[in-house]
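Q: I have a chain open on the screen and would like to go through some of its local features. Could we begin with a residue in a loop?

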Amino acid sequence: MKYVSTRNNKDIQNASFAILNSLSKDGGLYVPENFPKFSKKDLEKLSSLNYTDLCFEILKLFFDEFDENDLKDAIEKAYGKFKEKIVGFKKMDAITNLELFWGPTLAFKDMALSLLPYLLKLSVKKENFKKNIMILTATSGDTGKASLEAFKDVENTEITVLYPTDGVSEIQKLQMATTTGKNTHVYAIKGNFDDCQRKVKEIFENDEMKNFADENNFIFSSANSINIGRLLPQIVYYFYAYFRIIENENMNILDKIDVSVPTGNFGDILAGIYAKEMNLPIKNFIVASNSNNVLTDFFNTKIYDSKRNLIKTSSPSMDILISSNLERYLYLLCKDTNVINKKMNELKNTGKFKRDLDFPDDISAKFATEKDVSETIYNAYLSYNYIMDPHSAIAFFAMKNNLKRQSLVISTASCYKFPNKILESLKLDPDKDIEKNLQLLSFYATYEIPDELKDLKNKKILHKEILSKNEIEEKIKTLLEKK
């Protein structure tokens, strides 16, 4: 399997190169040259596998250059970090909630980030790579802690996380600020997530920064979903969820379902679209957004317009105006690098672009207001005795109002990461004390407060520095020089 840049179809690389480098030299994203296609017989064989075995059967097709025993060992070690279960399910009438928050940091990012360090290690081995790796990661909340937890104390690796200082929840901020590890670096940035993400991409494309890193025996890589090694493992949970739904509903192997995904950066839903490319029987996708409904407008009006004020919401992981993985979706539709270059340059220079491509009728976009989120959380508790986080509530809201068949909602984070919004939605008064809010929420949730969050406010704050956007590059240089 080879990987091609979305902006240069002559830039064709193997998996290890794409994983190590994250972005192509021209700023494009690496995508598989083609997608394996599963037959009905293939799907029947896969349907009975446990999660790790299913993960191996799918990923070995994308990472066929790695030794199969090494890949299988990496998968077992990665998901061995999940204490209680790898994924969970909650059925609510014709909707099945896929709980992807049972990993070490209580968010769906663990599903891929737990594996990424092992994929990087295999890539280093395959490329006979001698340099150290500086992981640069922008986060709107969950990616940061998941990346830090995955890469802390990994040999020959440094991990640097940038997050908007006022753009994550209090618990998300504490999770990052209290992270241990000799190689972990966390900085709050005066700006929003798009500023953080833009700066990471600029560093990747900056020859001066790349040369500086090289002189200090480093290469830049990313833990964001711009890295294909972060994105592809997310395909697996769509297959696993589909097989559980048809099993529980006594459906046939080719019967189709609909899927609703809360998304800001378009990575999570793109993984589902890729699964459909592999013949997973999905009928329709719903792109579910919060009040920052740039994607909803794009799908409904054909205009992508990021020139708007970012709204801070109770679903901070979706407070994004520039969706990186949308580029991969556009490339999937047209396979034309000239089109991609034109549109991405327009977006960079003007903040907007118009799509000339016709989108397939299997994808639509909806958004939920803060009022919609609160009402959805409240009604889900009354109707199903179930508490969902704000991101998951947005996807549930979108699907509930467009329900046509057995459906899947991607539930992306533990409710305990957003206690204030949930308590307010349940018509309760949050306290100023985090611990009291978690305890109060535990009376309503169906599972106990996760160990990761217990006594969180009393953990030592290890990362306190706040940077302006203009200070980021010099800070990165300082980190590179120290090693």
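This is a predicted model: local features need pLDDT of at least 70, side-chain atom pairs count only at pLDDT 80 or more; totals for chains, interfaces and linings use all residues.

Q: Which loop is Asn 385 in?

A: Asn 385 sits in the loop between helix 17 (370-384) and helix 18 (390-400).

Q: What is the phi of Asn 385?

A: Phi of Asn 385 is near 50 degrees, which is positive in a residue other than glycine. Most residues other than glycine have a negative phi.

Q: What about Asp 153, what is its phi and where does it lie?

A: Asp 153 is not a glycine, yet its phi is positive, at about 65 degrees. Asp 153 belongs to the loop between helix 7 (142-151) and strand 7 (157-164).

Q: Which residue follows helix 6?

A: Asn 128 follows helix 6, and the phi of Asn 128 is positive, near 55 degrees.

Q: How many residues does helix 6 have, and how far does it reach?

A: Helix 6 (residues 116-127) has twelve residues. From first C-alpha to last, helix 6 reaches 16 Å, close to the 16 Å expected at 1.5 Å a residue.

Q: Which residues are buried in helix 6?

A: The buried residues in helix 6 are Leu 116, Pro 117, Leu 119, Leu 120, Leu 122 and Ser 123.

Q: Changing topic: which residues gather in a patch of positive charge on the surface?

A: Lys 256, Lys 283, Lys 366 and Lys 404 gather in that patch.

Q: Where is Lys 283 found, and what is its relative accessible area?

A: Lys 283 is part of strand 11 (residues 282-289). Its relative accessible area is 35%, so Lys 283 is partly exposed.

Notes. Residues are numbered from 1 along each chain as its sequence is written. Side-chain values use heavy atoms; hydrogens and water are left out. Patches are made of residues with over 30% relative accessible area and no salt bridge: like charges are joined within 9 Å, nonpolar side chains (Val, Leu, Ile, Met, Phe, Trp, Tyr) within 5 Å. Accessible areas come from the Shrake-Rupley method with a 1.4 Å probe; for residues, only the protein chains shown count as cover. A salt bridge is a side-chain nitrogen of Lys or Arg within 4 Å of a carboxyl oxygen of Asp or Glu. Lys and Arg count as positive and Asp and Glu as negative; His and the chain ends are not counted. The place of a charge is taken as NZ of Lys, CZ of Arg, CG of Asp or CD of Glu. Helices (H or I, at least four residues) and strands (E, at least two) are DSSP runs, numbered from the N terminus. Buried means under 20% relative accessible area, exposed over 50%, partly exposed in between (1.4 Å probe, protein chains only). The expected span of a helix is 1.5 Å times one less than its number of residues.
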